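Me: I would like to go through a structure with you, one piece at a time. Could we begin with the strands and then move on to other parts?

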Amino acid sequence: MLDIGTVPERLARNRYALAETSHIEVDQEAVRSAGAATLLVRICPAHVYSQAPDGSLVVQHAACLECGACLAFAPPGSLRWHYPQGGTGILYREG
Amino acid sequence: MTTPDTAAVDFDVIVVGAGIGGCVTAYQLARAGHDVLVVERGPQPGAKNLSGGILYCRVMEQIWPDFVRQAPVERVITRNRLCFLNAGSHVTVDYHDERLASPVNAVSVLRARLDPWLAGQCEKAGATVMPGVLVDSLLTEDNRIAGIRAGGDELRARVVVAADGVNSFLCRNAGIREREPARNLALGVKSVISLPRQVIEERFGLTGDEGVAYAVVGDCTDGLGGGGFLYTNRESVSAGIVVRLDELARSAASSSDLHDRFLSHPAITPLLRDGEPVEYGCHLIAEGGKAMVHDLTRPGLVVVGDAAGLSLNTGFTVRGMDLAAGSGIAAATTIHAALSAGDTSPLALAGYPAELDRCFAGLDMKTFARAPRFLENPRLYGAYGQLAADVLHGIYDLDTTPRRRLLATGLRALRHSPVTMRQVAADVVAAVRSL
């Protein structure tokens, strides 16, 4: 059989160099007014985004695989997303 | 008075991004004697790069004649399987051909191994490779791109090459490319599953360095536009899904669930049995075809590879890396001519799109310009796979009722399918015109 594990288990097998600061900033009001939170939660393959009980968007930037899918979806102004500083973030060993 | 060609510059050429497009450009320009800097945000080349398809490598042999033997490639793809996947059935075309091995036409690669080799070749040719540096923006002076800004430093060059991938923040932040509509982008989600070499060869019927690549449509993406892929590496299998962003947005699906669904599909999971997942990754893919290839130059700037929108899905082959290499050759040709003539004016660099259009990369983008719209047809991702299985079921399921001939069996399957004869006819015409 094949046990691919949960997404957090998979990410734990990946290698990352943790950046000091987050490369993702959320404008909670813009996300809320566009109703974009659930979309961001389900499209991110790394489960970077989750929703707090109060509906706000929680970001775990350290899990990010840097694909940019969230940025392609995010309503204008709701997300500031750039690549993390040089040398940090996901470090693929296979690719 | 100083013109850009006599002004103080740090390098002749600065290439941003040490992927295939960037390295092919840099290698050729360095070999031609130009002073080249390659800036890469990963701490080593390849650390940020992920492929979900095989490398059609004949173009690489144009640059490195012994590429297949010298570069760290995984397996020689001699077997292509095109698979229509349904919930409880699948129909696969299995094409094996020894001619695909001599000369080698395609290889599987792991980018974290290939890209350091490519960057090493650039260094051997005399280029400076600077990893671990994120370029913040392009430097604009006198209405031309004059260099880059990175970590508070400014570096100047006669020509800057944007090889910074599908998200190309360089082009976006400089206003050269706008935000891409979701229908032109797809999301790939992939696992690399480690398996012993011998198991891979026995399981897939491979000899030595031979490899197989699967292109899968249908149930793997739950009927959404996109597909699954699977290919063998030396001691692992790469498997995952690609789904169009607009389709993903419209659905209620989660991208990781689609990946899991494909890997646990009864047609796929036996191929991965007892494997150990070693890496999970994702990547955006330019799926807009020729319509996405635009704004390839600005004064002082040339754009190559994914950053230029160069990738091509024909349904059978999914290409990007070979097109990146092709654009790298076209870019290097144009830039070399400009630098040699001492003229990097906008006019001199404006020859690059024409150079690209003359080579296989530009020509193939043109030939398959209609492919992206054809592949938006929802029947490809459900009804046709089921129809194919129903026809074959009618042939093979001998339930002691009298048999019909093939045509009658086919027509009967079509009558029971949601697809109409008129749609089949229209789709065949569209396929002939697009693919």
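This is a predicted model: local features need pLDDT of at least 70, side-chain atom pairs count only at pLDDT 80 or more; totals for chains, interfaces and linings use all residues.

Me: How many bridges join β2(B) to strand β7 of chain B?

Reply: There are three bridges between β2(B) and β7 (residues 128-130) of chain B, and the two strands run parallel.

Me: And which way do the residues of β2(B) point?

Reply: V36(B) and V38(B) point one way from the strand, while L37(B) and V39(B) point the other way. All of these residues are buried.

Me: What about β1(B), is that strand covered or uncovered?

Reply: Strand β1 (residues 11-16) of chain B is mostly covered, as six of its six residues are buried.

Me: Over how many bridges do β1(B) and β2(B) pair?

Reply: β1(B) pairs with β2 (residues 36-39) of chain B over four bridges, in the parallel sense. V15(B) has V38(B) as its bridge partner in β2(B), and V13(B) stands opposite V36(B) in that strand.

Me: Through which helix does the chain cross from β1(B) to β2(B)?

Reply: The chain passes through helix α1 (residues 20-31) of chain B. This β-α-β crossover is right-handed.

Me: Which strand is joined to β1(B) by five bridges?

Reply: That is strand β10 (residues 153-162) of chain B, which runs parallel to β1(B). Within this pairing, I14(B) stands opposite V160(B) of β10(B).

Me: Let us look at one residue. Where is L155(B) found?

Reply: L155(B) is in strand β10 of chain B.

Me: Why does L155(B) count as buried?

Reply: L155(B) counts as buried because it has 20 C-beta neighbours inside 10 Å. The cut-off for a buried residue is 20 or more.

Me: With which residues is L155(B) in contact, leaving aside its neighbours within four places in sequence?

Reply: L155(B) is in contact with D10(B), F11(B), I14(B), L37(B), G147(B) and I148(B). Among them, F11(B) and I14(B) lie within the residue range of β1(B), and L37(B) belongs to β2(B).

Me: How far apart are L155(B) and R69(B)?

Reply: L155(B) and R69(B) are 86 residues apart in sequence, and their C-alpha atoms are 37 Å apart in space.

Me: Now a change of topic. Which residues of helix α12 of chain B are buried?

Reply: In α12 (residues 360-367) of chain B, the buried residues are A361(B), G362(B) and M365(B). They lie on the same side of α12(B), because they cover an arc of only 95 degrees around the axis.

Me: What covers the buried residues of α12(B)?

Reply: The cover includes β18 (312-313), α9 (321-340) and α11 (352-358) of chain B.

Me: How is chain B divided into domains?

Reply: Chain B has domain 1 (11-74 + 108-180 + 289-369), domain 2 (183-286) and domain 3 (382-434). The C-alpha centres of domain 1 and domain 3 of chain B lie 45 Å apart.

Me: Finally, how many residues of chain A are in contact with chain B?

Reply: On chain A, 33 residues are in contact with 44 residues of chain B. The largest share of the side of chain A that touches chain B comes from α1(A), with four residues. By class, that side of chain A has 18 nonpolar, nine polar and six charged residues.

Notes. Residues are numbered from 1 along each chain as its sequence is written. Chains are lettered from A and ligands numbered from 1 in the order in which they are written. Two residues are in contact if their C-beta atoms, placed from the backbone, lie within 7 Å. Ala, Val, Leu, Ile, Met, Phe, Trp, Tyr, Cys and Pro count as nonpolar, Asp, Glu, Lys and Arg as charged, and the others, Gly among them, as polar. A residue is buried if 20 or more other C-beta atoms lie within 10 Å of its own, exposed if 12 or fewer, and partly exposed in between; C-beta atoms are placed from the backbone. The arc is that of the directions from the helix axis to the C-beta atoms. Two strands pair if DSSP finds at least two bridges between them. A crossover is right-handed if, with the strands pointing away from the viewer, the path from the first strand over the helix to the second runs clockwise. Domain bounds come from an automatic or database domain assignment.
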